[in-house]
Amino acid sequence: MIITILRKELRVLFTSPLAWILLTLIQLVLTWIFLGLLDAFLQIQSQLLQIANPPGITEIIVTPVFSMAAIVLLMVTPLLSMRLLAEEQRNHTLTLLVSAPISMTDIVIGKFLSLIVFFFIIITLIILLGISLLLGGTLDFGLLLSSAIGLFLVAACFSALGLYISSLTGQPVIAAISAFGVSLGMWIIDLAANETNRWLHSISLLKHFERFNQGLIDTFSIAYFILFTTAFLVLTIRRLDGERLHG
Amino acid sequence: MTTITLSAQNLCRNYGSHAAVREISLQLRRGEVLGLLGPNGAGKTTTMRMLTGNLAPSSGSIEICGVDLLDKPQEAKAHLGFLPEIPPLYQDMTVDEYLLFAARLHRVNKQAMPTVLNNVKQRCGLEDHGKYLIVTLSKGFQQRVGIAQAIIHNPDVVILDEPTVGLDPNQIREIRKLIRELGASSSVILSTHILSEVENVCDRVQILHKGCVMLDETLAGLQQRGTCLEDVFTQLTHNDGLGSLI
């Protein structure tokens, strides 16, 4: 039943121009950054050769693209997640799903997975961008993989958060703005964590991603991402069930 | 033919301190069409939302084909088809896409899918509209798509909330014919404001007022007693705010 919801969401997503515009824009921005970094690398290449243990192209070009991608996803997710539940509530179509023999959990997971599939496409494109460097050099595939896994987990967190906020209102625009506000808040926590104490480091989502971006797959960070995602999915399910109980 | 498909006992629903539905009991046999009548705010929609699992009752129990709706919601909902007051349509899907989605949601067998789709389109007069986007259809056709969605999986119990609102007289006649057809094989509950509709298609009528059942009677019984439905309705429901003004 999850598949039924997933298929429907993907169909709705890709028949609207929004998904295609976002895919294009994200790819455009990231490729531009990628080429800028490539240019910078070519300029300092001769100096790098004089260092005993120089950083490779993966560290100089690929990982900065991934950390930029995290910020881009932070801004894009609210646009994709806003309609998932808010629109169903506004158009009264949620009744169709609730009256069908399907559980709230299936509905929520199906919708969540539709976002995951979309981000999977984006991340694959970013990986391909990195792999194109093989034309003129070698890559550190371990670092590339850990960055990709990190970005995937970050995308999952943003999706779950966006989905929950979308369940709180019947207005997609309000859902988008609220989700955007919360995401900005997380970005600010990340900036604040640069100077101050350790506990901000522990709760900052982007700081956890930074470790993946350095090639460090930390179980604490994995646990953080999984807990974050699960917590917001459970909250969404509870919210929809609550609607039925308190209506 | 006398198996009971839906039975609800002592349903209550409160919104805060306001009791929208008080101690309503319903029983429906296979092949029976039940009309729910009542003035605005009588609790018709609330009752229907409870019967379809969209709203949890404050107290009471609901059984559909012998399965408890609150204990095993998924199993019970498989026997249900529901058309809410506002049809739950995805505006940017085509009629075919939408009906196939509804069929998949209700676990219709994959091989049977094309037959089921053609069948339901034929029953609801949508044969020529499969490729149209729902948003481009007129209100009447949207209502038909809503009904098609509710009956696509051949449910044992069909619940229709004001199915003929916004239709022209020809369409109303067709929909009534469809409801009578449905009543032959399944049980149907329909809510309406229109008294003649009840007299036309229903076997039994319940009149709700302020959340309570005021009358539960077969239409044959009413006819036998020689009473007119309209008189009964005004008698039972006239003592609300507006009625006392007249």
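Which residues line the second largest cavity? A:Thr95, A:Leu96, A:Ser99, B:Leu80, B:Gly81, B:Phe82, B:Pro84, B:His106 and B:Gln149 do. Here, a cavity is a set of points, on a 1 Å grid over the protein atoms alone, where a 1.4 Å probe fits but cannot get out, and lining residues have an atom within 4 Å of a point.

This is a predicted model, in which local features need pLDDT of at least 70 and side-chain atom pairs count only at pLDDT 80 or more, while totals for chains, interfaces and linings use all residues. Residues are numbered from 1 along each chain as its sequence is written, chains are lettered from A and ligands numbered from 1 in the order in which they are written, and side-chain values use heavy atoms, with hydrogens and water left out.

**Where the two chains meet**

- Chain B brings 25 residues to the contact and chain A brings 24; contact here means heavy atoms within 4.5 Å.
- Between them, the two chains bury about 2500 Å², with 62% of it on carbon and sulfur atoms. That buried area is the accessible area (1.4 Å probe) that two parts lose on being put together, summed over both.
- On the chain B side, B:Tyr90, B:Arg104 and B:Leu105 lose the most area to chain A, together 24% of what that side buries.

**The cavities**

- Searching the whole structure turns up two cavities of 30 Å³ or more.
- Around the largest cavity sit 13 lining residues, and A:Val12, A:Arg83, A:Glu87, A:Asn91 and B:Tyr90 lie nearest its centre. B:Tyr90 also turned up above, among the chain B residues that lose the most area to chain A.
- In chain A, helix 1 (2–15) and helix 3 (57–90) each supply at least two residues of that lining, and helix 3 gives the most, with four residues. Helices (H or I, at least four residues) and strands (E, at least two) are DSSP runs, numbered from the N terminus.
- Sorted by class, the largest cavity's lining has four nonpolar, three polar and six charged residues. Ala, Val, Leu, Ile, Met, Phe, Trp, Tyr, Cys and Pro count as nonpolar, Asp, Glu, Lys and Arg as charged, and the others, Gly among them, as polar.
- For the second largest cavity, helix 4 (94–99) of chain A and strand 6 (80–83) of chain B each supply at least two lining residues. This lining has four nonpolar, five polar and no charged residues.

**The largest pocket**

- The largest pocket has a volume of about 430 Å³. A pocket is an open set of points with protein on both sides within 12 Å along at least five of seven lines.
- It is lined by 19 residues, and the closest to its centre are A:His92, A:Leu94, A:Thr95, B:Arg49 and B:Asn54. A:Thr95 is also one of the residues that line the second largest cavity.
- Helix 3, helix 4 and helix 10 (219–246) of chain A, plus helix 1 (44–51) of chain B, each supply at least two residues of the pocket lining.
- That lining splits into seven nonpolar, six polar and six charged residues.

**Cysteines in chain B**

- There are zero disulfides over all chains; a disulfide is a pair of cysteine sulfur atoms within 2.5 Å.
- B:Cys124 is in no disulfide, and the nearest cysteine sulfur, that of B:Cys202, is 18 Å away.
- B:Cys124 is buried, at 6% relative accessible area, and B:Cys202 is buried too, at 8%. Buried means under 20% relative accessible area, exposed over 50%, and partly exposed in between (1.4 Å probe, protein chains only).

- B:Ala148 lies in helix 5 (residues 139–151) of chain B and is buried, with a relative accessible area of 0%. Leaving out residues up to four places away in sequence, B:Ala148 touches B:Leu99, B:Val120, B:Cys124 and B:Leu126.
- A:Ile149 belongs to helix 6 (residues 141–168) of chain A and is partly exposed at 35% relative accessibility. A:Ile149 touches A:Phe212 and A:Ile217, again not counting residues up to four places away in sequence. A:Ile222 is 73 residues from A:Ile149 in sequence and 9.8 Å away in space, C-alpha to C-alpha.
- A:Leu191 is part of helix 7 (residues 172–192) of chain A and is partly exposed, at 46%. From A:Leu191 to A:Gln171 is 20 residues in sequence and 31 Å in space, C-alpha to C-alpha.

Methods. Grid points are joined across faces, edges and corners, and a volume is the space filled by probe spheres set on the points.
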